[in-house]
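Colleague: I would like a close look at one part of this model, the aromatic rings. Please take me through how they pair and what surrounds them.

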Amino acid sequence: MDSRLPGRRVRRTLLLGAVLIPLALLAFSCSGCSPIYVARAGWTEAKILMGRRPLSQVIRDPDTDAETRHKLNLTRQARAFAIHMMELDAGDSYTTFTQVDDEVLAWIVSAAYADRLVSKTWWFPIVGSVPYRGFASRGAAEKAEAKLAEEGFDTYLRPTSAFSTLGWFSDPLLSTLLAYDDVELVETVLHELSHNHLWVPSRVSFNESFATFVGRVGAIRFFCGPGETPSDPENCERARTRWAEYQAFSAFLDVFVERLQAVYARTHLTSQEKVQAREALFAETQAEYEHLSSDPGDLRIVLNFLGAPLNNAILLSRIRYFHRLPDFQSLLNVHGGDLPAAVRTLKEGTSSVDDPFALLPEGE
């Protein structure tokens, strides 16, 4: 028998208590939160934290395959890049690795009113109001989604493979991310670390769009390097293309939302009539872009979005990650391409404005 096992059990028990006891206290202080929901979230997080192994240990492990070793080394490099070249507060996140049982880490349920572009929100300590809830099992998520649908909300259920605890815990690299290609892995690491660096309570759309900007532009800098000749030409071009696609989709969403808001602003329409009018707008917009499918270019994400079912919950879930991305790029341009300077402007300015998007220039 390994004499170290009792010690490991003690350390894991202490860790479990350190995670679950605060979460239990939060459950009873959280207006509108279910103690069962918070306890389940705490248990899921505890399992992830207890399963952590140092990246260096996993890299050296002879049982680690070459592709996994490559992804782990890439994660270490991305984290170092975030700290030293992007000046992000990474804490101890992404210094460890956790193997999880399922490809899907959690299931996210969001909801919105059918006759207006407004999300249903839930309030949690620290993060404030958020427009979604996470579930460890698909069954629990589907049950929650069905209840919301019965109440008349538009709903959206999606899987997720990554998350951030905003620096409260040392987030590990999860095995679910190993399926990503190199660009997506680096982008995800930088995206999640940006949440450690800056999170504005109850401003989820800004937080996620900011993280999208930092992750995408950071990935370009990581793979392209500072010189004129890219250090990794293939991934450099891939990172640049994806950022262009994201900005194009963001611009499309801005116009689409403006048209949709005009429908919802028709005060003479009943709620049901507004829903019927929005369905007509959805169909009209899908038809407008149908002829572009032979040469999508930067519209690939737009076409994928329009090719799937649409409702307010789905649309708002996209807006949270894609809102005003060209204006984030404009801010970067104002700073002469200095990404850390652009990030500093946003972090320092969020305490002085009610809406952090006000810190962005309105285009160029």
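Modeller: A helix here is a DSSP run of H or I with at least four residues, numbered from the N terminus. By that count, helix α8 holds both Phe249 and Phe252, three residues apart, about one turn of the helix. Keep in mind that this is a predicted model.

Start with the rings themselves. A pair of aromatic rings is described by the distance of the centres and the angle of the planes. Phe249 and Phe252 are stacked, with 6.1 Å centre to centre and 15 degrees between the planes. The angle is under the 30 degrees cut-off for stacking.

Now the burial. Phe249 has a relative accessible area of 0%, so this residue is buried. Phe252 has 6% relative accessibility and counts as buried because the limit is under 20%.

With Phe305, Phe252 makes an edge-to-face pair: 6.2 Å centre to centre, 70 degrees between the planes. Phe252 belongs to helix α8, whereas Phe305 belongs to helix α10 (residues 300–306), so the pair ties together parts that are 53 residues apart in sequence. Phe252 and Phe305 are both buried.

One aromatic cluster is formed by Tyr246, Phe249, Phe252, Phe256, Phe282, Tyr289, Phe305 and Phe322. Across the whole structure, a search finds 18 aromatic pairs.

Helix α8 also has a part in a pocket. The second largest pocket holds about 460 Å³ of space. Its lining has 20 residues, and the closest to the centre are Ser119, Val204, Ser205, Leu316 and Arg320. At least two lining residues come from each of β5 (128–130), α7 (204–224), α8 (233–264) and α11 (312–322). By type, the lining of this second largest pocket has 10 nonpolar, seven polar and three charged residues.

Last, the setting. The protein chain has 13 helices and eight strands. Of its 364 residues, 50% are buried. Take the contacts between residues at least 6 apart in sequence: 72% of them join residues at least 24 apart. The protein chain exposes about 18000 Å², and carbon and sulfur atoms supply 54% of that area.

The three residues Phe249, Phe252 and Phe305 sit in one aromatic cluster.

How values were computed: Residues are numbered from 1 along each chain as its sequence is written. This is a predicted model: local features need pLDDT of at least 70, side-chain atom pairs count only at pLDDT 80 or more; totals for chains, interfaces and linings use all residues. Side-chain values use heavy atoms; hydrogens and water are left out. Buried means under 20% relative accessible area, exposed over 50%, partly exposed in between (1.4 Å probe, protein chains only). Contact means heavy atoms within 4.5 Å. Accessible areas come from the Shrake-Rupley method with a 1.4 Å probe; for residues, only the protein chains shown count as cover. On a 1 Å grid over the protein atoms alone, a cavity is a set of points where a 1.4 Å probe fits but cannot get out, and a pocket is an open set with protein on both sides within 12 Å along at least five of seven lines; lining residues have an atom within 4 Å of a point. Grid points are joined across faces, edges and corners, and a volume is the space filled by probe spheres set on the points. Ala, Val, Leu, Ile, Met, Phe, Trp, Tyr, Cys and Pro count as nonpolar, Asp, Glu, Lys and Arg as charged, and the others, Gly among them, as polar. Rings of Phe, Tyr and Trp (its six-membered ring) pair if their centres lie within 6.5 Å; planes under 30 degrees apart count as stacked, over 60 as edge-to-face and the rest as tilted.
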